[in-house]
Amino acid sequence: MAKWKMRLTMKNQESRSTEWRHLLKDKHPKEYEALKKKDRRRKQMKRAEKKKTLTHTRAERMKMRHERELHRDAQSRYRARMKARKEPPCTPATVSSPTTPTAITSPTAPESRRAYNTNYRRKYRAQQTRQKQLAVRQKDRERKTPTGARKKKHSVGKQGPVATSITQSAAKVSKQLPKSPRSFERVMKKVANNLTPRKRSSLSKITKTKKDLFNKASASCLLGVIEELKRSTCNAARPARLLTMITCARVMKKYRLGLMASSILGVRYKTLLSPSTAHHRPLSNEVLERKSRRSERSQNHDAEVISFYMASEHTRELPLKKKVTKVNGSDNLQAGFVLDIPLRRLYEEYTEKYPDYHVGFTKFTKLRPSNVRLQRQADLVTCECVYCVNMDHKINAVRQIASKECDLVAHKYELVDKVLCKKSPVSAFHRSSCLNGSCEKCRDFDPTIRKLFQEVTEELQEKVLTWHEWVRKPVTFKTKDGESKTTVRRVLESKFGTIDELVDGLVKDFNSTAQGSFPFHLFIARWQYLQVRELKEHLPPNSILTILDFAQNWSVHFQNEIKSACYSKEQVTLHPIVVYYNDPVLNTLVRESLIFLSNDLNHDFYAVQAFVKRMYDYLRTERKLVIEREFRYTDGCSAQYKSIGPFVVLHNSLNELKSTVMQNYFGSEHGKYESDGENAITKSAVDRAILSGKVVIRNAEEMFAYCEQNLSVDEGVSRRVYMLENHIEHTGYDHGSYRTVKGTRKIHSIYASGNEMKTRPLSCMCPPCLSASPARCENTSYVAQWETIKLKKRQVPVNER
């Protein structure tokens, strides 16, 4: 009974299984002996089974023996510690009463201190493991060995171990490896499976044989054949495909490599193995002459989708040199583009325009060219339309605060579609009466817009909204002479107000732009882009299409530039002109870019006329063109293209250029087109050359020399030529004596022939208009008839004559 109580007091020191065994031994000795025999039998069976299944190598047996020795040492030390805990104290004098604590003091005499340290070291060594003892002894031997007699260690640096250390390491490893081939194979397999990926790849380079190289080359050749056959849509390639699959399936089945071959060759596993049973079936004519599938037919529409991306009126060419990309990895540069509308909206327009081409939205997205960026990918966009930006700011301010449950307007185009009447199924635009505000159903925009924002207004009635808006304000600045001047500029302001105030501003912007209402403003921008596309497809003979605009001046800079040069830079004028004409040699439409460089920094209509004259001389002498008509497209800058000065120059075009000119203007604030892309290509290439240190450019002459040698393209249907024009006369036209033409901002097409000048609000490039028969125009519902104007001179007062 005393032994039973002692077992219960050791409850905290032993595990549950040990406690149970002790209780079983005290209470039921016979059952305890039976349990011991059962455990002993079970362990013997496990050892025998393990011995049958595993055949240990010599190195593994040595390792297991060493581990058993360590385990025995640990067990002996554990038993010694447990025995020391159970033994009573050596002398009664060391026992202290619970009321008087004993002070722990260290020995003071040298003899007692030495004995104390010796006993402490002995106990410390007794508790050390076998590895620790060996390490301590090795360190002690190295410490006692003289410095000169110590062995030099071989250091392993960046270049790897020296030859002697490699030889020694190889000798040591070879001694430990088993002698029998089978055991050697197992050991090396175990080592190879535990290697890192880099070491495994290095090992594969060592063991590579000519047979491995042959197998790799055969696999790559087979992969190329399969890829070529998969791309082939010809019915004659059907037997070759089947033969390749049959041969591959037989080999893969033999070596059980079907899944691996499927992943490498890019062929489905079932497809790869199924032809192995079809090799005995003869190929009928029906199989060989099968019709092409719908997916094969749809591949022919990929080019149509890509051309729609590039030619859409919602795709704007960027003048940013950072967005210039290389075409298919070659040295040919291509300008970047950005979409003005969401991709989903562009897809809807594509389906409306091409209803017979069934292309899904996912496929439409994948076919987007790499140089066409999405609307959200435009990081820093400049030269935007002020009317469109103000409208977007207000719509986005509402979308950011309102909840998702509200029926919100996504963008300005959706707002226009909801305010105006629905489009006709056969037209891409709203009716002209809806656009100009004469429709009885939708001419009052105010209540319709407020009804659209009614739900949002009720939700955000008490909230204060923040939005941005570009407004005209007088700005005072100081000139170089120190004089103060005041001018009116557009500045970006942050506005705060309620939802009612924001909707009032939205209604105001919707009703007032430079051309009238906001829907009519968007319509003009899209219509003018559309006419350029129509003219490219149906350019009349002996005619050219020109797209021109001044670029931002290029600032001269150098690699390793000093401080004084950094803050006082010279500039170079760039004026690209993109020309489309029918080449008489190639008998096709050719696009040629003429980029004019000049040290003259005056961007006026005199410079434009000098560049145009040089263009005519080049096309007539170098390209041997007969030019009778020119269709010119520009933006509406008053100093360069759209004012009384350019109108006077246009009036004299027949005498100076020996050709009639039809001047067309893009929509207000929407004048970005192909000339801006040529500007970006030139600046990007020149900047890269300067950064690489290949060239030093200080003025327009050196820039022209570099561009002419490295960037000119004089072959194919897309060409690029650089020209230098430094001698520009800024006199010769008495434009100051003429009156301003009334309604200049609303003119988007002006035609000069002889002494007559005709204007109309929109351009039209339908076949009757191109054949000089405007009375039979196909777009009379949108385009008005030509109106003849005369340039009137000012009446000079008598005292100023």
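Is Asn542 buried, partly exposed or exposed, and what is its relative accessible area? In this predicted model, in which local features need pLDDT of at least 70, side-chain atom pairs count only at pLDDT 80 or more, and totals for chains, interfaces and linings use all residues, Asn542 is partly exposed, with a relative accessible area of 36%. Residues are numbered from 1 along each chain as its sequence is written, and side-chain values use heavy atoms, with hydrogens and water left out. Buried denotes under 20% relative accessible area, exposed over 50%, and partly exposed the range in between, calculated with a 1.4 Å probe on protein chains only.

Most residues other than glycine have a negative phi. Asn542, by contrast, has a positive phi, near 60°, and is placed in the loop between α25 and β8 (543–548); helices (H or I, at least four residues) and strands (E, at least two) are DSSP runs, numbered from the N terminus. Lys658 also has a positive phi near 60° and lies in the loop between α29 (653–657) and β13 (660–665). Lys658 is exposed, its relative accessible area being 59%.

Two packed helices are described by the angle between their axes and the distance between the axes. Here the axes are lines fitted to C-alpha atoms, for helices over the stretch in contact, and the angles run from 0 to 180 degrees between N-to-C directions. Helix α19 (residues 386–401) and helix α25 (residues 518–537) have axes that come within 11 Å and cross at roughly 125°, which makes α19 oblique to α25; angles under 35 degrees count as roughly parallel, over 145 as roughly antiparallel, 65 to 115 as roughly perpendicular and the rest as oblique. The crossing of α19 and α25 is left-handed, a crossing being left-handed if the near helix is turned anticlockwise from the far one by less than a right angle, and right-handed if clockwise. With contact taken as heavy atoms within 4.5 Å, Tyr387, Cys388 and Met391 of α19 meet Phe518, His521 and Leu522 of α25. By class, this contact of α19 with α25 comprises five nonpolar residues, one polar and no charged residues, where Ala, Val, Leu, Ile, Met, Phe, Trp, Tyr, Cys and Pro count as nonpolar, Asp, Glu, Lys and Arg as charged, and the others, Gly among them, as polar.

For helix α22 (residues 445–452) and helix α24 (residues 499–511), the axes come within 10 Å and cross at roughly 140°, so α22 is oblique to α24. The crossing of α22 and α24 is right-handed. Phe445, Asp446, Ile449 and Arg450 in α22 are in contact with Val503, Asp504, Leu506, Val507, Phe510 and Asn511 in α24, and by class six nonpolar, one polar and three charged residues take part.

Across the whole structure, 25 aromatic pairs are found, rings of Phe, Tyr and Trp (its six-membered ring) being paired if their centres lie within 6.5 Å, with planes under 30 degrees apart counted as stacked, over 60 as edge-to-face and the rest as tilted. Tyr350 and Phe364 form a tilted pair, with ring centres 5.4 Å apart and planes at 40°; Tyr350 belongs to helix α17 (residues 343–353) and Phe364 to helix α18 (residues 361–366), 14 residues apart. Tyr350 is buried at 0% relative accessibility, and Phe364 is buried with a relative accessible area of 0%. The pair of Phe596 and Phe611 is stacked, at 5.1 Å centre to centre and 25° between the planes.
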